[in-house]
Amino acid sequence: MSQNKVTFGLEKVHIAFFDEASPTQPAWDTPIPIPGAVRWTPTAVGETTNFYADNTLYFSYTANNGYTGELEMANVPDAILAEMLGWEIDENGMLIEVSDAMPKHFALMGQIQGDKRNRRFVYYNCVANRPAKERTTKAESIAPATDVLNLTISPIEIDGKMIVRGEMELNESNAAAYNAFFSSVYTPTFTPEV
C-alpha cells in the first residue's frame, strides 16, 4: 500500500530488451538506462461489456488489453533506436531507417517520485513505433527538441498469469528487491493457489 499522498517527477527510465534465447518463461537482457526522461503517458486499452438481467446490471467485465502510451525523452541514443526498431547503423555511424524492419519487444522501467517514497514501475511487454521529432529553427530562445515514442504494451504470461505492469514502493520487507530493481527486470512471485 502506498505511503504517498502525491506522486510527481519521472526519472530513471530504463529499457530491457527481450532475451530471445529464453526457452520457457519470458526473460530480458540487462536494463539499459536512458537519461533525459520528460513524460510518460500510458492510456488503458480494453472495452467494458455490460450484461443486463432482472432489470439491472447483472454482470460487467472489462477486458485488460494493456496500454498505449507516449514516452517523451530528451534524446533516445541511436544504438537504442536501432535495436528497438530493427534499424541499422552503418560503418560511418549513420542511423538507417529500414522500411521492413521488425521492432524488438522490451520492458520499460522507471521511477516516479513521491512525497514520502519513490515508486518504481515496469511495463513488461512493450513495442515502439518510429519516434516523432519536431525540427524547428532557432529563435530568440532555444527550445530543445525531444523524441516521442508511441508504445504499445500488451499482456504477457508469467507463471500462468497474464500480467501487464508492476509498481513497487520501498517498505520494511522488500529492500533487496527494491534496491536491485534496475539491475534486472523484476518478475513477480505468486503464492500458489490451494
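Predicted model: local features only at pLDDT ≥ 70, side-chain atom pairs only at ≥ 80, totals over all residues.
I take buried to mean under 20% relative accessible area, exposed over 50%, and partly exposed in between, with a 1.4 Å probe and protein chains only. I number residues from 1 along each chain as its sequence is written, and side-chain values use heavy atoms, with hydrogens and water left out.

**Entry 1. Salt bridges**

I counted a salt bridge where a side-chain nitrogen of Lys or Arg is within 4 Å of a carboxyl oxygen of Asp or Glu. This rule gives eight salt bridges.

I looked up the partner of glutamate 72 and found arginine 39, with the closest N and O atoms 2.9 Å apart. Glutamate 72 belongs to strand β6 (residues 67–73) and arginine 39 to strand β3 (residues 37–44), so this pair ties together parts that are 33 residues apart in sequence. Helices (H or I, at least four residues) and strands (E, at least two) are DSSP runs, numbered from the N terminus. Glutamate 72 is buried at 14% relative accessibility, whereas arginine 39 is partly exposed at 28%.

I then examined lysine 104, whose side chain meets that of glutamate 83 in a salt bridge at 3.0 Å, N to O. Lysine 104 sits in the loop between β8 (95–96) and β9 (106–114) and glutamate 83 in helix α1 (residues 78–85), so the pair ties together parts that are 21 residues apart in sequence. I noted glutamate 83 as partly exposed, with a relative accessible area of 33%.

Arg119, Arg165, Glu167 and Glu169 are linked in a network of salt bridges. Within this group I recorded 2.8 Å between the closest N and O atoms of arginine 165 and glutamate 167. Arginine 165 is partly exposed at 37%, and glutamate 167 is partly exposed at 41%.

**Entry 2. Helix α1**

In α1 I found Ile80, Leu81, Ala82, Met84 and Leu85 buried. Glycine 86 follows α1 and has a positive phi, near 80°.

I counted two strands as paired if DSSP finds at least two bridges between them. Strand β4 (residues 48–53) and strand β5 (residues 56–62) run antiparallel and are joined by six bridges. Threonine 49 stands opposite tyrosine 61 of β5. The hairpin has two residues between the strands, and aspartate 54 takes a positive phi near 55° there.

For nonpolar patches I joined side chains of Val, Leu, Ile, Met, Phe, Trp and Tyr within 5 Å, using residues with over 30% relative accessible area and no salt bridge. Phe51, Tyr58, Phe59 and Tyr61 form such a patch on the surface, with about 500 Å² of accessible area together. Areas come from the Shrake-Rupley method with a 1.4 Å probe. The largest share of the patch, three residues, comes from β5. Phenylalanine 51 is in strand β4 and is partly exposed at 46%.

**Entry 3. Histidine 14**

I located histidine 14 in strand β1 (residues 7–17) and found this residue buried, with a relative accessible area of 9%. The histidine 14 side chain reaches the backbone oxygen of lysine 12 at 2.8 Å. Taking contact as heavy atoms within 4.5 Å, and leaving out residues up to four places away in sequence, I listed Pro31, Ile32, Pro33, Ala107, Leu108, Met109 and Phe182 as touching histidine 14.

Methods:
Patch = residues over 30% accessible without salt bridge, like charges linked within 9 Å, V, L, I, M, F, W, Y side chains within 5 Å. Polar contact = N/O pair within 3.5 Å; in protein donor to acceptor, adjacent residues only side chain to side chain.
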